[in-house]
Amino acid sequence: MKLRKQVTVCGGAIFCVAVFSLYLMLDRVQHDPARRQSGGNFPRSQISVLQNRIEQLEQLLEENHQIISHIKDSVMELTDTGAVSPSGHLPFRSANGSWVLPFDGRPTFLAIKPQDCQFAGARRDHTDVQMLDVYSLLKFDNPDGGVWKQGFDITYEPDEWDNEPLQVFVIPHSHNDPGWIKTFDKYFADQTQHILNNMVVKLAEDSRRKFIWSEISFFSKWWESADAQKQEATRKLILGGQLEIVTGGWVMTDEANVHYFAMIDQLIEGHQWLERNIGITPRSGWAVDPFGHSATMPYLLKKANLTSMLIQRVHYTIKKHFASTRSLEFMWRQAWDTGANTDMFCHMMPFYSYDVPHTCGPDPKICCQFDFKRLPGGRINCPWKVPPKSIVEANVAERAQLLLDQYRKKSKLYRSKVLLVPLGDDFRYDKALEWDQQYNNYQKLFDYMNSHPEMHVQAQFGTLSDYFSAVYKASAVPEGARPTDFPVLSGDFFAYADREDHYWTGYFTSRPFYKSLDRVLESHLRGAEILYSLAVSNARHSGMEGRYPVSDYALLVDARRSVGLFQHHDAITGTAKENVVIDYGTKRATQDSLPQRTLIELDPAGPRYVVLFNPVEQERLCAVTVLVNTVRVRVLTEDGQTVPVQLSAQWSSASQMSAEVFEVRLGGTMPLFVFVIYTGCRAVRQFVLPFSAQSSMYRPKGKRQFLLYISLDDPQEVKVQVQFMIYGTRPSKDKSGAYLFLPDGKAKVFSRIGFCSFTVFSLSSLVLCLGVDGLSMEITTTVDIRDQTNKELAMRLDTDIQSGDIFYTDLNGFQIQPRRRHPKLPLQANFYPMPSQAYIQDSLYRLTLHTAQSLGVTSLENGQLEVILDRRLMQDDNRGLGQGLKDNKKTVNRFRLLLEHRGLGNKMMDTGVTSFPSILSHMTNSILNHEVLVLPVLPKRRGVPSLQTFAPFKSSLPCDMHLVNLRSIQNQQDAQTPSQHTAFIIHRLGLDCELEAQNMAFNCTTTQGQLNISGLFKNLDIHLLQPMSLTLMHSGTPLANDSSISLEPMEISAFKLKLR
């Protein structure tokens, strides 16, 4: 009854307003002096106009009456049937004239168990080496070290190896970039296929010869063209230990810009190919060329059951320090590990490069003399002007002694008397002649050394695992275990510098267009993987397996490999030649623009249908944007109910709205992993009910500069000033390029940048709604610097947060790494990769900048965050590329700014080596990187498409668990079709519970790491639940089908499922 009275009063009020408006308009016409004649008589033409306007007003009044009647009837119907919204509130008109639609007001709760909050503050054993401490300890002064210019003079006593001879493993290798100076296909045609063809022949000539190979993208392409005899010979070499596949990923992935989803996916793709075609499992990791190394990589390799790894590109001062303390081999432990469960044995190469002059010992002038490809008469020579000599009986003693001296000096940098000596470089061994030159001459040297006991050395060719096995054996520990007295390290190895102040921090941002495109495609690939696995499983459950087009699996495999290829350390880094970048783009998608929303053209002939897919594990209360060609639009649910929508302008530039395209926002709750069907049709009149909500949390101010005040239910506000800054490059001969960031000083305010500048404009929007979307502010920058020369554009956030010299960045979207700004280092050394987020904090607040694309970030002053948005550089930086960065594109960067109030419990942890996002921060990052997918259905000529909502999960996952992937596993007999098994890869997030929780508008619970997988899926039964290694190569004992699995915080686990 009360509701009816409210409707009656509301309707009467609207009617009175309409009548009063009519009276005012008539009165205005009657008393308008311009409309009166001196004699007081109206001309007939004006009377006619007045009559027409009165008729129009009467028509509008009638339409208003019909709308009021429609609202009244709808409310009465709802009242009669009891179908009132749970909140009991009706839409109402706000002060600014828009309608406010209350969302579903059902109570939500945040139920995080206290045990799930203990991990962030848990006690962790002190590691021997913490990289934050190392950076604070070192002077970074770079004195001249003599023949080893970045090191020091190495001496030894001749009798040091009398009791235990030196074991030397020379490891021939060829580093093949899947795209850099040439495209992937051009490299394969010109060099790679010849390397592998020669390998089969030359290794077979002598069983003592060894070789290692890393990139499966190249290896698989060669394998497909090889005949059965060559394939069988290769298998024999691998099984016989002469050829080792190291790491076994699709590429040697970059470690700065990549997201851990893509790191895992390319590793799985490579390992699955090896399992199906050769039947082997890699044991050791090999990463000689990524430009800095992330702590995420050893964890992923450990979870894939590899036991050891090797890295190379580390800051030269760090290498010198590790060499002086004999810490170049260590157990790499995750900073968040409360035990020793994540320890991975790691070998760090000590010198400048992985080429031959910098691998046999500290003196490159001598080592170059043992690169026998540089023998006189060849195409390359030694820069030190002393060429190699072919080994003959007359010089073998002298040459062996000279080489042994380098081996001994290098071995003094390590704790064991086992030595690793790589022998190779980029695209080496592509000619049969080089195989003979290297292997024959080295074998003569080995034979001489081994036949003279007084030299106390045993030298041979080896694989990477041969070397690691010898180290473990010499230390009397099992493979993968910690040798006695070897140090334990935690932290990462960014930023990388190879000489002087040449920091490789530019590539964190280089070619941001492609970094953004990569993240979009990763999200789409993950969504496609999940949907495909569920669709195939449901088809099997329904007995329709034969009717489902499983041949589509080949398209999914192609997508995996295309995305995997771009994780290469010269691809996502933006450090390849322009034509190679275009080739990467066309392999993955159109490379001229980011994926655009499809315009849905509505016409009176019939409705259009739209499918929405929520790719995250939780319900989300969100506003989804659809583009239409008319302002007259009506949206219906699958069962015909009208959906409230908000109509907005589509901005074609910073100052111009489109007249042909409009944005329609649908608001509502979407369950996890669900397909929802909506119908859109052209309405007779505009049928739009704009919705909003009241929020003063984010309050913008200012016009020329963007000033934001943020408050969290307390009187105090946090001020955030957004400025756009510009860096130039130094005027000397060493300038910024694709790899290096060499600025000409501090950044300057870019005065040409404003909200309406043609160079860059920023659109900041706050979605005023309940849920995760409404608790952060979206910032979108559209950047076009194609008219600039040697400029780098940055967005700076200046706040009054007292963060000091500490800030936090993520590693690969997987974990948080605390950073410390060091004034003793040059400005460019304080930049770090930001794949997904960075934050600053003080005793009261944490301010997080979430990003949808990987960029470089720093905090150069107290309370500051700064992100490099784009770089345009006209010259090469002398690192081999031979080009600058001049192929810039108009680029859209998307961010979310989140302010959180800190509780009392975690303020003492700021000096620690770990930090974790809150549950809200995790969810914010998820919705930013995994948008609801809007899939318009192609119009049919006749009939309604047979679509219905698809909700494959019974309930949400615990809110501290993230489904990394639900990946269909390949068929062992036919790689183009799926098997009956699915990989379920799950990550339990690490949480900081001391940040005050806000209403996220969904029920958030945790379960102490327990998850019942059989209870997740709707209409599907589990016929197999088997723990697996991360890349599915090693299997554990199958569990009971109804078992609950258990995960520790931060743990990533994989399971093989059979769903029917």
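## Reading helices, strands and rings

Analyst: Let's start with a pair of helices: H4 and H5 are roughly perpendicular to each other. Please keep in mind that this is a predicted model.

User: How should I read a pair of helices like this?

Analyst: Two packed helices are described by the angle between their axes and the distance between those axes. Here, helix H4 (residues 184–204) and helix H5 (residues 216–225) have axes that come within 10 Å and cross at roughly 70°. Angles of 65 to 115 degrees count as roughly perpendicular, so that is the word for H4 and H5.

User: Which residues of H4 and H5 make the contact?

Analyst: On the H4 side, they include Phe-184, Tyr-187, Phe-188, Leu-196 and Val-200. H5 contributes residues including Phe-218, Phe-219, Lys-221 and Trp-222.

User: Now the strands. What holds a sheet together, and in what order do the six strands of the open sheet come?

Analyst: Strands of a sheet pair through backbone hydrogen bonds, either parallel or antiparallel. In this open sheet the order is E4-E14-E10-E11-E9-E8, with mixed pairing. At the edges are strand E4 (129–130) and strand E8 (284–287), each pairing on one side only.

User: How does E8 join strand E9?

Analyst: E8 and E9 (residues 308–311) run parallel and are joined by four bridges. To find the place by eye, look for Trp-286, which stands opposite Leu-310 in E9.

User: And the rings? How many aromatic pairs are there?

Analyst: The count comes to 52 aromatic pairs. Take Tyr-135 and Phe-140: their ring centres are 5.4 Å apart and their planes meet at 35°, so this pair is tilted. Tyr-135 is buried, with a relative accessible area of 8%, and Phe-140 is buried too, at 14%.

User: Why is the pair of Trp-332 and Phe-493 called edge-to-face?

Analyst: Planes over 60 degrees apart count as edge-to-face. The planes of Trp-332 and Phe-493 are at 75°, with ring centres 5.3 Å apart, so the pair gets that name. The pair links distant parts of the chain, 161 residues apart: Trp-332 is in strand E10 (residues 329–332), while Phe-493 is in the loop between strand E14 (488–490) and helix H14 (512–541). Both Trp-332 and Phe-493 are buried.

User: Which residues have a charge over a ring?

Analyst: Here are two to look up. Arg-846 has its charged end over the ring of Tyr-839, 4.1 Å from the ring centre. Lys-889 lies over the face of Phe-513, at 5.7 Å from the centre of the ring.

Terms used
Residues are numbered from 1 along each chain as its sequence is written. This is a predicted model: local features need pLDDT of at least 70, side-chain atom pairs count only at pLDDT 80 or more; totals for chains, interfaces and linings use all residues. Side-chain values use heavy atoms; hydrogens and water are left out. Two strands pair if DSSP finds at least two bridges between them. Helices (H or I, at least four residues) and strands (E, at least two) are DSSP runs, numbered from the N terminus. Rings of Phe, Tyr and Trp (its six-membered ring) pair if their centres lie within 6.5 Å; planes under 30 degrees apart count as stacked, over 60 as edge-to-face and the rest as tilted. Buried means under 20% relative accessible area, exposed over 50%, partly exposed in between (1.4 Å probe, protein chains only). A charge sits over a ring if NZ of Lys or CZ of Arg is within 6 Å of the ring centre and within 35 degrees of the ring normal. Axes are lines fitted to C-alpha atoms, for helices over the stretch in contact, and angles run from 0 to 180 degrees between N-to-C directions. Angles under 35 degrees count as roughly parallel, over 145 as roughly antiparallel, 65 to 115 as roughly perpendicular and the rest as oblique. Contact means heavy atoms within 4.5 Å.
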